[in-house]
Amino acid sequence: MTQIGTKCVQAGYRPQNGEPRQIPIIQSTTFRYESSAAMGKLFDLEASGYFYSRLQNPTADTVAAKICELEGGTAAMLTSSGQAANFFAVFNICSAGDHVVASSAIYGGTFNLFAVTMKRMGIEFTFVKPDCSDEELEAAFRPNTKAVFGETVANPALAVLDIERFAQVAHSHGVPLIIDNTFPTPVNCRPFEWGADIVTHSTTKYMDGHGSQVGGAIVDSGKFDWTAQSEKFPGLTTPDASYHGIVYTEKFGQGGAFITKCVAQLMRDFGASPAPMNAFLLNFGLESLHLRMKRHCENAQKVAEFLESRQEVAWVNYAGLKSSPYYELAQKYMPNGTCGVVSFGLVGGRDAAEVFMSKLQIAQIATHVADARTCVLHPANATHRQLSEAELEACGVGADLIRLSCGIEDADDLIADLAQALETK
Ligand SMILES: *Cc1c(COP(=O)(O)O)cnc(C)c1O
């Protein structure tokens, strides 16, 4: 199994003789053992197996194994949301007093998690523009920096990160690069091939693709040598008193330490575990991910070109357009397309956006993105409505910005819908 489409359909689950072809939903909180001694081994991390679904569940692990293969990693886990995935990925290697360098072009929920909530936990973040100069990037590092974080294609700014460049700088400072790969999915970009060390996902978006479950995933490339930077990552390289003094890097190796620690400590203590049924639904989505991503990108490209041709449209932002400042980076990292999300502004600005959106018939107003059904959002009047015009500009979401998430309908219908909404007064 070498191709991404085959992996989308088949990876992660291999039924044995007579076993169900579809992945079993193990809707059980707990698992039975013949002796306390047998169970004790699990609690000591001496044996692998299931004992309580807050930590691990077979259905979730089957789907995590598929995502692991799609990304080309060594270990993976599911979480109950993308928010939990990003929190865990960073908190697994940072404690109070530590520091992280993050791209400023990231999902609003992640920005809030970092800049407000994790700051209250004593972890500081320095935000840099994804297209900052090398000097600016270097200057963001401190002696206590433990990670660099960015999004392959930022939601909603749609900036494309130069993963290779960020990975090189992170590694020169002895820290890993964590990439949120939600928008392109591993079908369009595999950040590990460009030097990223940890990948996260909101599986709520394209991976599910049908708006049926909220979920997240974390994947380890197995390439980052924690022991080479032992003093920076004591949580992975020194004894864990809560598991009889095991050392994760010694016991689970470079490819297993990060995810095992994340499950054993963070799932145990925070319990952001996915429901088995949600993992099952996510797997449905994954089985057609390669087909859907192709269609999302084709539709978005046609829609972006159409919008760019219209005089009512002031600007269009889509990395598949030659006019995009991210066109070259997108060609390098995502030659088959980035994602289905296009942003644009109308000549009439904020007010025109509202009138236009109310006329749309096929594209429906929703906070969701990356769904089979086309949806549209005006952040300044919805998710970002508490911000002033100046604050909106500062976070790269202008008052006129319309975020259009192209679904997998027929492009002609999407374009006709946009045309009639632009034309009717
Ligand atoms: C939606 C999103 C998240 C948060 O994921 P949830 O599943 O909503 O918790 C994180 N990162 C990106 C890029 C997203 O689009």
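Biologist: What covers the buried residues of α11?
Modeller: Please note at the outset that this is a predicted model. The cover over the buried residues of α11 includes α1 (4–10), α3 (58–71), β1 (75–79) and α12 (289–308).

Biologist: Which residues of α11 are buried?
Modeller: They are P276, A279, F280, L282, N283, G285 and L286. In general, an α-helix has 3.6 residues a turn, so residues three or four places apart point the same way.

Biologist: How many residues does α11 have, and how far does it reach?
Modeller: Helix α11 covers residues 276–287, which gives 12 residues. From its first C-alpha to its last it reaches 17 Å, close to the 16 Å expected at 1.5 Å a residue.

Biologist: You listed β1 as part of that cover. How many of its residues are buried?
Modeller: Five of the five residues of β1 are buried, so the strand is largely enclosed by the rest of the structure.

Biologist: Which residues lie on one side of β1, and which on the other?
Modeller: A75, M77 and T79 are on one side, while A76 and L78 are on the other, and all of them are buried. Both faces of β1 are therefore covered. In a regular strand the side chains alternate between the two faces of the sheet.

Biologist: Which strand is joined to β1?
Modeller: Strand β7 (residues 216–220) is joined to β1 by five bridges, and the two run antiparallel. Within β7, A217 stands opposite L78.

Biologist: Which residues lie nearest the centre of the largest cavity?
Modeller: Of the 13 residues that line the largest cavity, L55, Q56, D61, L78 and P274 lie nearest its centre. The elements that give two or more residues to this lining are α3, β1 and α10 (248–270).

Biologist: What classes of residue make up the lining of the largest cavity?
Modeller: Seven are nonpolar, four are polar and two are charged.

Biologist: And what is the volume of the second largest cavity?
Modeller: Its volume is about 40 Å³. The lining consists of V303, L360, I362, A363, T374, L404, C406, L414, D417 and L418. By class, eight of these are nonpolar, one is polar and one is charged.

Biologist: Which helix gives the largest share of that lining?
Modeller: Helix α16 (residues 411–423) does, with three residues.

Biologist: L404 is in that lining as well. Which strand holds L404, and is the residue buried or exposed?
Modeller: L404 belongs to strand β12 (residues 402–405), and it is buried. I402 and L404 are on one side of β12, R403 and S405 are on the other, and all four are buried.

Biologist: Which sheet contains β12?
Modeller: It is an open sheet of five strands in the order β8-β9-β12-β11-β10, with mixed pairing. β8 (313–317) and β10 (364–365) stand at the edges with a single partner strand each, so one side of each has no neighbour in the sheet.

Biologist: How are β9 and β12 joined?
Modeller: Four bridges join them, and they run antiparallel. I402 in β12 is the bridge partner of F344. β9 (residues 341–346) also pairs with β8 in the antiparallel sense, over four bridges, and there F344 is the bridge partner of V316.

Biologist: How many bridges join β11 to β12?
Modeller: Three bridges join strand β11 (residues 375–377) to β12, again antiparallel. L404 is the bridge partner of V376.

Biologist: One last topic, the largest pocket. How much space lies in it?
Modeller: About 1000 Å³ of space lies there. It is lined by 37 residues, and the closest to its centre are I106, P156, H384, C395 and V397. Helix α5 (residues 108–120) gives the most to the lining, with five residues.

Biologist: How do the residues of that lining divide by class?
Modeller: They divide into 20 nonpolar, 13 polar and four charged residues.

Definitions and conventions. Residues numbered from 1 in each chain as written. Predicted model: local features only at pLDDT ≥ 70, side-chain atom pairs only at ≥ 80, totals over all residues. Heavy atoms only, no water. Expected span 1.5 Å × (residues − 1). Buried < 20%, exposed > 50% of the residue type's maximum accessible area, 1.4 Å probe, protein only. Contact = heavy atoms within 4.5 Å. Pairing = 2+ DSSP bridges. 1 Å grid on protein atoms, 1.4 Å probe; cavity = no way out; pocket = protein on both sides within 12 Å on 5 of 7 lines; lining within 4 Å. Points joined across faces, edges and corners; volume = space filled by probe spheres on them. Nonpolar A, V, L, I, M, F, W, Y, C, P; charged D, E, K, R; others polar.
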